[in-house]
Amino acid sequence: MIRYNLRCEQGHTFESWFQSSSSYDSQVKRKLVTCAVCGSAKVEKAIMAPQIAGSKKRRTPRLAAAPAFTIDEPPERGGSA
């Protein structure tokens with residue numbers, strides 16, 4: 001299976017899965033791939049960044065976000081100078 005990011009003639013973007021590149025080509029040629037927003041059958045592959053799968057050993061753990069906190073002003077010191 002292959003996932004393509006697609007764009008219609010109106011500029012709407014969406015993604016769809018296909019069994020192969022040739023399956024995508026065949027379906028587009030037969031106007032079976034349409035925009036989910038406007039229904040246009042004039043779609044093309046959008047530019048997409050490749051996803052590189054890493055091994056589990058090399059995967060770095062996600063860090064949890066630090067909790068938010070506020071810093072109070074220090075109490076004023078009483079005394080004579």
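The side chains of S40 and E9 are joined by a polar contact of 3.2 Å. The model is predicted.

**Around S40**
- S40 lies in the loop that runs between α1 (21-29) and β3 (43-45).
- With a relative accessible area of 10%, S40 is buried, because the limit for a buried residue is under 20%.
- Leaving out residues up to four places away in sequence, S40 touches C8, E9, V33, T34 and C35.

**Strands β1 and β2**
- β1 and β2 run antiparallel and are joined by six bridges.
- One of the residues with a bridge partner in β2 is Y4, whose partner is S16.
- The hairpin of β1 and β2 has four residues between the strands, and G11 takes a positive phi near 90° there.

**The largest nonpolar core**
- Nine residues make up the largest nonpolar core: Y4, L6, C8, F14, F18, Y24, V33, C35 and V43.
- Two elements, β1 (2-8) and β2 (13-18), each give two or more residues to this core.
- The largest share, three residues, comes from β1.
- L6, a member of this core, has contacts beyond its neighbours within four places in sequence, and these are with H12, T13, F14, S16, F18, Y24, V33, E44, K45 and A46.

**Aromatic rings**
- The count of aromatic pairs comes to three.
- In the pair of Y4 and F18, the ring centres are 6.0 Å apart and the planes are at 45°, so this pair is tilted.
- Y4 in strand β1 and F18 in strand β2 are 14 residues apart, and their pair links distant parts of the chain.
- F18 also pairs with Y24: the ring centres are 5.1 Å apart and the planes are at 80°, so this pair is edge-to-face.
- Y4, F18 and Y24 together form one aromatic cluster.

Technical notes
Residues numbered from 1 in each chain as written. Predicted model: local features only at pLDDT ≥ 70, side-chain atom pairs only at ≥ 80, totals over all residues. Heavy atoms only, no water. Core = buried A, V, L, I, M, F, W, Y, C linked by side-chain atoms within 4.5 Å. Buried < 20%, exposed > 50% of the residue type's maximum accessible area, 1.4 Å probe, protein only. Contact = heavy atoms within 4.5 Å. Polar contact = N/O pair within 3.5 Å; in protein donor to acceptor, adjacent residues only side chain to side chain. Pairing = 2+ DSSP bridges. Phe/Tyr/Trp six-rings, centres within 6.5 Å; stacked < 30°, edge-to-face > 60°.
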